[in-house]
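Visitor: Hello! I am new to protein structures, and I would like a close look at a single part. Could you show me the model?

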Amino acid sequence: MLRDIFSPQSKPFIDVNPQGGLGNRLFTLHFASQMASMFSADLRTSQFSQEQEWMRRSPAVLDGPKWSAVARVWQSKPPSTLSSDVVAEVGKRLARGKSVRLFRPLLGEVFFDSCFQPPIELFPNCPKPTGRVDIAAHFRGGDFHYWNPASILAASYYIDAYKWVAGALGREPQVAIVSDDWDHPSLPGFQRFLEREGSLKPYLSRDTSAIQDFQTLMSARYLISCPSTFGIWAGILGEPLVVHSRKWVEQRVEAKDKFWCDLYRGGNEHYHCVHLV
């Protein structure tokens, strides 16, 4: 996961290689940026991605020859480091003036342990909330069908969450449905419920870009979320009160998944649940 890099420079740096979708990349960049800020280190990366423009201090992009030069001065093999120890391990190396290269994505397992400053201060140029709705219901499908079928949340979760929000608001909510998979098995049941129970036609994000979907999730009063890093980061950088599935969260707590364990214990001021359904 980590390797020290001997550097002739006086200032240490963190090499980071964000991978995966937008939410995964934001988790990795967030951790690296928090650590670099705390230890006055530079940020470097092997590739550019759009969300790096959101950052207060974007990583310097290294070209191929420089990466080859760095690769020849790795000090040692990666240590066997538990996710809960990563913050301390990286901090210890940077404090000794050693540069660090991150070899794999660091996702939610280090998020709550590395929030030394508000995430929005690290990504001040992120998309801004627009056109507020009462509820954004996020249906994440796609590769979730193969990654973990349990992450495809049932229509009953979205319906019960809607009812809870309606009770909290004391009126019928306006709903935006955001999905990357319009064949999501829970969508028909939720839409039938809205047609039967509600008079307000939901907004569907069918012909929108990923950034527009992100903004819709950011802008909602309540985000009925799912196990998606995309949706989680919309909750971190935006304004919504977040609802999660109790069944999903408690399953992940039982599996000792650190992000969900930390969230179950209350999260922090930057990301927490207002209700588990």
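Visitor: In which helix do Arg93 and Glu89 lie, and how many residues apart are they? Please take me through that part closely.

Guide: Happy to! Arg93 and Glu89 both lie in helix α3, four residues apart, which is about one turn of the helix. Helices here are DSSP runs (H or I, at least four residues), strands are runs of E of at least two residues, and both are numbered from the N terminus. Before we go on, a word on the source: this is a predicted model, where local features need pLDDT of at least 70 and side-chain atom pairs count only at pLDDT 80 or more, while totals for chains, interfaces and linings use all residues. Residues are numbered from 1 along each chain as its sequence is written, and side-chain values use heavy atoms, with hydrogens and water left out.

Now to the contact itself. Side chains of opposite charge can pair when their charged atoms come close. Arg93 and Glu89 form a salt bridge (a side-chain nitrogen of Lys or Arg within 4 Å of a carboxyl oxygen of Asp or Glu), with their closest N and O atoms 3.0 Å apart. Both Arg93 and Glu89 are buried; that word means under 20% relative accessible area, while exposed means over 50% and partly exposed is in between (1.4 Å probe, protein chains only).

Glu89 has another partner too: its side chain meets that of Lys92 in a salt bridge, at 3.8 Å from N to O. Glu89 and Lys92 are three residues apart, again about one turn, within helix α3, which covers residues 86-95. Glu89 counts as buried because its relative accessibility is 17%. Lys92, at 43% relative accessibility, counts as partly exposed.

For contrast, look at Asp134 and Arg221, whose side chains meet in a salt bridge of 3.4 Å, N to O. Asp134 sits in the loop between α4 (119-122) and β6 (135-139) and Arg221 in the loop between α8 (210-219) and β9 (222-224), so this pair ties together parts that are 87 residues apart in sequence. Asp134 is buried, with 7% relative accessibility, whereas Arg221 is partly exposed at 37%.

Salt bridges can also be linked up here: Asp113, Lys258, Asp262 and Arg265 form a network of them. Across the whole structure, a search finds 15 salt bridges.
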